[in-house]
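The report below describes the packing, strand pairing and local backbone features of one model. Please read it alongside the sequence and the coordinates.

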Amino acid sequence: MDTDVRDYVDAHAGEFFAALKQWLTIPSISADPAHSADVRRSAQWLADHLRGAGFETAELWETGMPDRPGLPAVFAQWMAADPDAPTVLIYGHHDVQPVEPLDEWDSPPFEPVERDGQILARGASDDKGQVLFHSLGTRAWVAAHGASTPPVTLKLIIEGEEESGSPHFADLLRRERERLACDVIVVSDTTMWAADVPSMCTGMRGVIDAQIDVYGPDRDLHSGSFGGAVPNSLHALAALLASLHDADGRVMLPGFYDKVAELTPAERDLFARLPFDEKAWLATAGNSGAAYGEAGFSTIERIWARPTAEINGMWGGHTGPGGKTIVPREAHAKLSFRLVAHQEPAEVAGMLRDFVAQHRPPGLDVVVTVDGPGVRPSASPVDSPAVAAGRRAMERAFGQEVLFTREGGSGPEADLAEILGAPLVFIAVGLDEDRIHAPNERVDMKLLLKGAEAAAYLWDEFAAASSRVAPA
C-alpha cells in the first residue's frame, strides 16, 4: 500500500502545488488590522478546499468577544467508518507574519514563484504548505485503500491568530472542547533537522516577557554636585541585571529550576547523534564569536531543553551626541524568559518580582511589569505510543531513521494538550533554511510531498496501534 500512496501523491502533486500557490496569494497577516478581511478570506479558502477534498464538515469558527472580535479559525472533520476508530486532531495556522522589509524580497511575497524546487512566498513553510499536505495525504490514503473514509476520524483546527500570539485560542478550545475531543493531537508547525536528516520535534519552549523600570530622583542631576552621593538608576539596573546569572550561566531566581523537566540519558544521546557543527551554527547566529550558556550542557541542549533569562534591551539617561554629565532619573530594561516543560509562566513572573524586590537598592523605586500571561512550554516523551507511531510513519515516508529534536520557539501547543487532554505528536517537514518570518520565505516542494506521505501512513499507524490495544 505504501507504493500506492506514493504513486497517488506523485500523480497529484501538480494540482496540490497549484492549490497551495492560490492560497499563498492571500495576505493573511493577522498582526495588521488592515488585513483582517484577508485573514477571513484565507479561512474561507481553506474551508472550501477541505470540503472539496472530502471533509464532510468544514466551517469557520469565530473568536474573541462580540465587542472585541478576533480572527476566524477553521474546523473540519472527516469521520471514520468505524465508530470505535481513534480520533486525531490536526493543528496548524493559516495566518502569516508581516512581510517587511519589502525591498529584501526577491519577488513579491504574495505572488508565489517556483525556483530550484522550492516555492517562495510568505506562508509557504509557516504554515500553509504544512497544513495543506494533510489534505493530499488523506486523499492518498483513501484512494490507495479503495475506501470512502480514512481509518481514523480526522479533525482539523487551523487558527488565524498564531502569528499574533494566539490571544483567543485557549478560550476557543474551552468553548469547543466537546467538538474537538480527540485521542491524539498532530502538530504540523515545526521543522526537521535537515532535508537529508529527517527528525521529529518533541517539545517547544514557553516564554514570558517583562520590563523593569527603575526610578530615582524626580529629575536628572548634575553628576558633579550629586554623583556618588545619591543612587544612580542605571548603575542599580545594571547591577540587578548582572545578578540574574551566576558565573556558570544559571538563572538566579530562587525556585527557577525546581520544576524543570531534566533530559533523560536517551534524549541526550539522540541529540548528540545529530550532525551538529558548532562553528557553522555560530555563523548562522549572526557570526557570533563563541557559544555561551549554562555550564554542563551542549549548545543544542541549551536552546531546546534548558530555560533562559535574556536581556532584550536596556536604556536610560543621555544617549544623544556628545557628553552629558548627569545622574539619570530613571532606567529601563526589557527581558524575556524561555521556559521548558513543567515551568509555569505565572510562577516565573512571581519569582522575578520577588527577586527584584529582594535586590532593590534603597532610595529607588523599581517596577516589574509582565506582558500578558505568556506562553506555556510543551513536551512529548520520546517513548510515548503516539510519538512512536509518528516516528514509524515518518520513517516509512523517508525510508531512513528519524531522529528527535526540540524547538526553542513557542506556540499554543501546551494549551492544546492540557485543555483537550490528549498527547502531542509533531509531524512536520519545514527546515531552518526556509527563512520563516524573514524575507524570501520558501519551502522545499519534495519535502511537502514527503509530508503528505507521512500523514497518510500516520493514519495507518494510529489505527493499527488502536486495534492492538482494543479489548477482546
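## Cysteines, cores and strands

At 2% relative accessibility, cysteine 201 counts as buried, where buried means under 20% relative accessible area, exposed over 50% and partly exposed in between (1.4 Å probe, protein chains only). The model is predicted: local features need pLDDT of at least 70, side-chain atom pairs count only at pLDDT 80 or more, and totals for chains, interfaces and linings use all residues. Residues are numbered from 1 along each chain as its sequence is written, and side-chain values use heavy atoms, with hydrogens and water left out.

Cysteine 201 is in no disulfide, a disulfide being a pair of cysteine sulfur atoms within 2.5 Å. The nearest cysteine sulfur to that of cysteine 201 belongs to cysteine 182 and is 18 Å away. Cysteine 182 is likewise in no disulfide, and at 12% relative accessibility cysteine 182 counts as buried. The disulfide count comes to zero.

### Nonpolar cores

A nonpolar core is here a set of buried Ala, Val, Leu, Ile, Met, Phe, Trp, Tyr and Cys residues joined through side-chain atoms within 4.5 Å. The largest one has 81 residues, and Leu46, Trp459 and Phe462 touch the most other members. Helix 14 (residues 445–469) supplies the largest share of this core, 13 residues. Helices (H or I, at least four residues) and strands (E, at least two) are DSSP runs, numbered from the N terminus.

A second, separate core comprises 31 residues, including Ala210, Leu335, Met351 and Phe355. In soluble globular proteins, nonpolar side chains tend to be buried together.

What is phenylalanine 462 in contact with, leaving aside its neighbours within four places in sequence? Contact means heavy atoms within 4.5 Å. On that basis, the partners of phenylalanine 462 are Pro86, Val88, Val152, Val184, Val186, Ala386, Ala389 and Val425.

### Strand 11 and its partners

Strand 11 (residues 206–215) is largely enclosed by the rest of the structure, because eight of its 10 residues are buried. Strands are taken to pair if DSSP finds at least two bridges between them. Strand 11 runs antiparallel to strand 15 (residues 330–339), to which 10 bridges join it. Within this pairing, glutamine 211 has lysine 334 of strand 15 as its bridge partner. Strand 11 also pairs with strand 16 (residues 365–370), in the antiparallel sense and over six bridges. There, tyrosine 215 stands opposite aspartate 365 of strand 16.

Three bridges, in the antiparallel sense, link strand 6 to strand 7 (residues 118–120). Valine 113 has leucine 120 of strand 7 as its bridge partner.

### Backbone features

Most residues other than glycine have a negative phi, and most peptide bonds are trans.

| Site | Feature | Angle |
|---|---|---|
| Glutamate 100 and proline 101 | cis peptide bond | omega about 5° |
| Aspartate 126 and aspartate 127 | cis peptide bond | omega about 15° |
| Asparagine 287 | positive phi, not a glycine | phi about 55° |
| Histidine 342 | positive phi, not a glycine | phi about 85° |

Proline 101 is found in the loop between strand 5 (87–93) and strand 6, whereas aspartate 127 has its place in helix 4 (residues 124–144). Asparagine 287 lies in the loop between helix 9 (278–284) and helix 10 (299–305); with 63% relative accessibility, asparagine 287 counts as exposed. Histidine 342 lies in the loop between strand 15 and helix 11 (345–359), and its relative accessibility of 55% makes it count as exposed.

Is serine 125, by its relative accessible area, buried or exposed? Serine 125, which lies in helix 4, is buried, with a relative accessible area of 2%. Leaving aside its neighbours within four places in sequence, serine 125 is in contact with Gln130, Gly430, Asp434, Ile436, Glu441, Arg442 and Val443.
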